[in-house]
Amino acid sequence: MIGGLTALAALAACAPAGGEAVMPARPAVRFLGASSTGAVLYDAGTGALSGHDRSGRRVWLDRTSAESVVSVSCLTECPEVAVSQLASAEAAPMAPFRLGASGRRPFAVSGARHVSVLTARSRSDAVLEETDGEGRTTVRVVRPGRDDRHRTAHADYQWTESADGRTGFAYPWQADDPSAGLLLRFTRDGDGWRRTTSRATPIAETCVLAAVTEKAECVLGERAAAVVARSTDGRGGYHTTVRGLAPDGRTAWRREFGTEAGVTVHPSLPRAGITDGDLLTVLDTTGRTVWTRRQVAAARFTEDGELAVLAPDGRLDWLPAVR
């Protein structure tokens, strides 16, 4: 996924590469983003972020960023990423920075007191949350030659983006009522993101509104979407409920897992993939199993329909575009 956002936040703050929220301690490695050129992973066991090229070779490693509540957004191509601190983090404000093959460098996109990068392809193509010295919040859209600023009374915005990279939503992850003017809708054209007041497709609207009200994740494609709710029990066990949506937004299927399952959707086809243990199951929008694959610890559809897969032994591979 290109330009997706993933918040490394507490489970109660679940929200998603394009993106997914992850717990400070997780039982497995998870994709934070994947494109045709590389992938970004988060390892719960070590707390490390890592970037890998198409061959699977690790090109960068960061062991400290995930100690804070941060967001990670792939730039034009993974594994080049922008890293920023969420506004709700208790630590002193941290300036956004870039991680890539050349190491860690500043990502100077704003002079505001605090900046969270919701999504970015580059310094001139980004959506930011800015907080000034008075605590006022602005969602700023950076486009070539111009900036659009949207003042909001709320903070702590999260970003959900469709797998094809053409539709985006921003909303405060602590919000309970998405109808109160909190949900900001965006579409993408040749010059980047722009805010729109038009509603998206029924499947996208339903998925994102469910993520806000249910404190869940929305995993969104053009013709498939899944609402993913996660919880733990008193013994630290994981539980995942995945609810698949039909194109009209209705719940078409539901699956329960006594683990922390991973979920990904195809950018344009009616396909959703679920990883549970070492099994990847690909479903259609009726919930019917289309195919399965063993020895898959995590998986992520890319923007062009390829499937990046991580084997239990840590090997990365890209499967041909799914049809």
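**Disulfides, cores and a sheet**

Analyst: Happy to. Counting bonded cysteines along the chain, the disulfides follow the pattern 1-2, 3-4. Please keep in mind that this is a predicted model.

User: What makes C74 and C78 a disulfide?

Analyst: The test is whether two cysteine sulfur atoms lie within 2.5 Å. The S to S distance between C74 and C78 is 2.1 Å, so the pair meets that cut-off. It is one of two disulfides in the structure.

User: Why is the disulfide of C74 and C78 called right-handed?

Analyst: The torsion about its S-S bond is about 110 degrees, and therefore the disulfide is right-handed.

User: How do you know whether C74 and C78 are buried or exposed?

Analyst: Buried means under 20% relative accessible area. C74 has 2% relative accessibility, so it counts as buried. C78, at 1%, counts as buried too.

User: What joins C207 to C218, and where do these residues sit?

Analyst: A disulfide joins C207 to C218, with S to S at 2.2 Å.

User: What makes a group of residues a nonpolar core, and which members touch the most others in the largest one?

Analyst: Its members must be buried residues of the nonpolar kinds, joined through side-chain atoms within 4.5 Å. The largest such core has 17 residues, and V40, W60, V72, V81 and V83 touch the most other members. At least two residues each come from β4 (38-43), β6 (58-62), β7 (70-74), β8 (81-85) and β9 (97-100). β7 gives the largest share, three residues. Another core, of 16 residues, lies apart from it, and F169, A211, C218 and L220 are among its members.

User: Why do β27 and β29 count as edges of their sheet?

Analyst: The open sheet has three strands in the order β27-β28-β29, paired antiparallel. β27 (298-301) and β29 (316-319) each have a single partner strand, so one side of each is left without a neighbour in the sheet. Ignoring direction, neighbouring strands are turned by 20 degrees against each other on average.

Definitions and conventions
Residues are numbered from 1 along each chain as its sequence is written. This is a predicted model: local features need pLDDT of at least 70, side-chain atom pairs count only at pLDDT 80 or more; totals for chains, interfaces and linings use all residues. Side-chain values use heavy atoms; hydrogens and water are left out. Buried means under 20% relative accessible area, exposed over 50%, partly exposed in between (1.4 Å probe, protein chains only). Helices (H or I, at least four residues) and strands (E, at least two) are DSSP runs, numbered from the N terminus. Two strands pair if DSSP finds at least two bridges between them. Axes are lines fitted to C-alpha atoms, for helices over the stretch in contact, and angles run from 0 to 180 degrees between N-to-C directions.
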